[in-house]
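Take each task in turn, then follow the worked solution.

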Amino acid sequence: ALLFFGLLSNNDLSIQSAKFRGEPSRVEGNPRSHDVSTMAFALVKQPVFCYYSGAIGLAAARPKLTNTAAACTAFRSRALHCSAWGSRPSLQQQAAASSSTTAAPAPGSSASQQQKNHYSFVVVGGGTGGLAVASSLGRRFGKGSLAVIEPSEYHYYQPMWTLVGAGVRTLEDSRQLMSSVMPPQAHWIKSPATQFIPTENTVVTEDGGRHTYDYLIVALGLKVNFNKVHGLVDALEDPESPVSSNYSAKYVTKTFENLKAFKGGTAIFTFPTMPIKCPGAPQKIMYLADDYWRQQGVRDKTKILYNTSLGVIFGVKKYANRLMEVVARKGIQLNFQRNLVEVDHHKKEAVFQILDEVSADKRETYKFDFMHVSPPMCSLKMMKGSPIADKDGWVDVDKETLQHKNYDNIFGIGDCTNVPTSKTAAACAAESKVLRNNLLRVMKGETPVSKYDGYTSCPLITGFGKTIMAEFDFNAMPLETFPFDQGQERKSMYYLKRDVLPSIYWNGVVRGLWGGPGTWRKILHLGMSK
């Protein structure tokens, strides 16, 4: 019963009919339908749904409920939060709910100045990792114990942007008000952090505030640097330009508009030099574009190029081999060690630097009629030269314990750290569990013992209704959750990516209730897995 309730109560888990040729039309006004037959198919044929939704159902019941009445109250409040057992509240509903509660005073106001500025915990960053840790700490230590420094008014589930760019989801599907996901026990400081002074246990914010802490968790994320490619911002800003990118809320909707406007020619998809958020994302949109153009009857007039700065299509050999088969089947041309450095959208020309040892200074110019750009990324400017960062501006932590190498009361999580794993939401979830356990031990004066194994996940969408569910560790070795070959293209994994993972994210990850699938992996592999 709990597994079934978990399935129904997860937000936005209305699994829709798999009419793959028409899937993008959902963005064009078709209402989402609760297809009972497809729901039954998911329950009977795709047990993966039960496993994951059940995990969230179990997580919802984790608080110590002393009697049946308390249990009913908890489940009733959960059902209300999920808006009538099915859909996530709209932004308007969230705003109304937020206005009915007492908001934290704005930084710089007289009310704010009356607030204490010392906290047991200060979390810098309201992204995936920051909210996961803050939510967990808030429940454990109560109101007033922590502050979250985050200037954004919205929180985005960025892994959904591939589907937004392909017309399967809308941008609003990926967005919630920050106030709706901020832990209620936290004091929300809306002024961005500008400086860390670890010798004084202090974080300085842009409004001049000085916030002291006993323990600091840094979850700042990284910078998506569109400006590093000459001419790219101008190309993205021009609504008539055939250049788009899924790596920004500002530009992601342009991708589908350009997909629809494309009538044939040369289409280029790029992959920048590392680091990058979710290394699989640049090619996912390429495979969806290929499918879409086949549906529209223009694929036979199209040449698709994948220009990547890397020397391989993917960093894990098992999945790379399968992706090479996908590329061959779809007739896509791979150009390795090609790094985009300039775009001229008026001439429809792109300049790439060749990165091999022989011709490191050589450049090639490609003509295009459509281009999707995955931009370069780097650490935040404020982190360059920071006492808590390494020479490249990444928070300098132990890759297994996530504790800072020089300051025992500082931890880092997510994209802002120098942990050598793929920067994904799945990595943040797994890291959050390790960080929490080690932080609690440090608070007791004990040595951290929990170790992060580098677990990360990348659902490699290879078309509408097809996904390779890549999961791997520090050593680029598969670390798969399910007891079958996840290297195969599967419809169930596509449903997992499209319908289930968003629910796990909103109801589990950012609420600090989901620390990755490690436990489920052991269960499903009968204890014979890491």
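**Exercise 1.** How many aromatic pairs does the count come to?

*Solution.* This is a predicted model, in which local features need pLDDT of at least 70, side-chain atom pairs count only at pLDDT 80 or more, and totals for chains, interfaces and linings use all residues. Residues are numbered from 1 along each chain as its sequence is written, and side-chain values use heavy atoms, with hydrogens and water left out. Start with the rule: rings of Phe, Tyr and Trp (its six-membered ring) pair if their centres lie within 6.5 Å; planes under 30 degrees apart are stacked, over 60 edge-to-face, and the rest tilted. The count by this rule is 18 aromatic pairs.

**Exercise 2.** Classify the pair of Tyr452 and Phe474.

*Solution.* The ring centres are 5.4 Å apart and the planes stand at 75 degrees, so Tyr452 and Phe474 are edge-to-face. Next, check burial (under 20% relative accessible area is buried, over 50% exposed, in between partly exposed; 1.4 Å probe, protein chains only): Tyr452 and Phe474 are both buried.

**Exercise 3.** Now do likewise for Phe482 and Phe484.

*Solution.* With 5.5 Å centre to centre and 5 degrees between the planes, this pair is stacked. Phe482 is buried at 2% relative accessibility, while Phe484, at 30%, is partly exposed.

**Exercise 4.** Which charged residue sits over the ring of Trp394?

*Solution.* The test asks for NZ of Lys or CZ of Arg within 6 Å of the ring centre and within 35 degrees of the ring normal. Lys423 has its charged end 4.6 Å from the ring centre of Trp394. Likewise, Arg175 lies over the face of Tyr154, 5.0 Å from the ring centre.
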